[in-house]
Amino acid sequence: MTDELLVYGSYGYTGALVAQTAVDEGLSPVLAGRTAEKVERQATDLGLDHRVFSLQHPEVVERQVGEFSAVLNCAGPFSKTARPLYSACLNAGTDYLDITGEIDVLEAIAGRDREAEASDVTLLPAVGFDVVPTDCLAAYLHTELESATHLALAIDGLGTFSPGTAKSIVEGLSTPGAVRQDGQIRSVPAAWKTRRLDFGQGPKPAVTIPWGDVSSAFYTTGIPDIETYATVPEYAATVMRKTRPIAPLVGSTPVQSALKAAIDALVSGPTAEERAQSVSRVWGEVEDDEGNRFAARLRTPDTYDLTAQTAVESARRVVAGEVGSGFQTPASAFGPDYVLEFDGVEREDASEFSEVGMSVEE
Ligand SMILES: NC(=O)c1ccc[n+]([C@@H]2O[C@H](COP(=O)([O-])OP(=O)(O)OC[C@H]3O[C@@H](n4cnc5c(N)ncnc54)[C@H](OP(=O)(O)O)[C@@H]3O)[C@@H](O)[C@H]2O)c1
């Protein structure tokens, strides 16, 4: 499949898992990134071709991506990398995928839907853990309760973070939380609501976080009210609430640079052994205006391992021409059961537990 798929940011923590998974699956993507030494070493180790280019000059990016049927962008934070790559892809007629979970990035890509349709280009962001499992669960819940007007999704067990995830979180510290109400994305304070949710092991507290589904689940399901939650230790929820007043300070360039330098020095991401032992759980519930509810849960392997699997398989299908043009979400492209095709993913209905989903507004 040489010259069909370009993996950009292939030597970052997650990009390296994606590149290795692609090779394990019998694919031969071309590897790319902005740092010659890193991409050359990786390409030599894996026996793959490579390209070296930064995202600073649009004409260079367009020329590079134009040689491929699809680009899978693993370079984050995507607030910096997505736009140069998907804009170049739209101009060059190349399909675009990434592993973002950033709401603003997803909204910006959704805004290019018509242009992508007109150019016969597929734009399929968020093909990692954020948002494949939650997006598929949202689509499944919607098929079970088509009259749903409210959707809540939650994650338990995000585990240890990679450097890039930690940097995306640091960028997010200065921005408020987000929910969707009446179809519009609305800023809310960090850890705005707390719910006790049953992921299959008894109720646990979870707080609102700005997960990518606040954007994507709306395009998948059309449900106008969406909240996303994650379980966090009580001390972390308290920190999220107490740091609300200093958010602008945390967002200043010197503080962001210092935090990101500390991440480069201190964070290396989970080891293969840690990933092998890690499990994540996803919970979701829909409700309609009559008070009808339906809930279900997923159990998944480690978030990074699943990201590598879903990203590679999604890119393979896009290159094979199995996905229509325009903006797509994982579930709009592949259906609600897509996530069940990956080893270690299980789904069960949980309507009998939905009464523990009590909402306590802070
Ligand atoms: N959707 C999901 O579930 C999911 C899962 C895992 C990770 N992620 C996201 O994926 C991203 C990468 O995570 P990671 O852990 O792999 O990070 P990482 O180890 O820090 O690697 C980041 C990669 O991005 C490249 N990069 C960063 N900024 C760039 C820029 N402005 N121009 C070109 N290349 C740039 C880096 O290249 P250099 O080394 O040359 O700077 C490196 O290859 C993060 O945003 C993370 O949140 C999402």
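Reader: Which residues are the closest of those that surround the ligand?

Author: Y11, T14, R34, T35 and S162 are the closest of the 28 residues that surround the ligand; a residue is near a molecule if one of its heavy atoms lies within 4 Å of it. This is a predicted model, where local features need pLDDT of at least 70 and side-chain atom pairs count only at pLDDT 80 or more, while totals for chains, interfaces and linings use all residues. Residues are numbered from 1 along each chain as its sequence is written, and side-chain values use heavy atoms, with hydrogens and water left out.

Reader: Why is the ligand said to lie between domain 1 and domain 2?

Author: Both domain 1 (5–128 + 305–334) and domain 2 (132–303 + 341–360) give residues to the shell around the ligand, so it lies between them. The domain bounds come from an automatic or database domain assignment.

Reader: Why is the pair of Y86 and Y96 called edge-to-face?

Author: Rings pair if their centres lie within 6.5 Å, and planes over 60 degrees apart count as edge-to-face. The centres of the Y86 and Y96 rings are 5.8 Å apart and their planes stand at 75 degrees, so the pair is edge-to-face.

Reader: How do you know whether Y86 is buried or exposed?

Author: Buried means under 20% relative accessible area, and exposed means over 50%. Y86 has 4%, so Y86 is buried.

Key: Phe/Tyr/Trp six-rings, centres within 6.5 Å; stacked < 30°, edge-to-face > 60°. Buried < 20%, exposed > 50% of the residue type's maximum accessible area, 1.4 Å probe, protein only.
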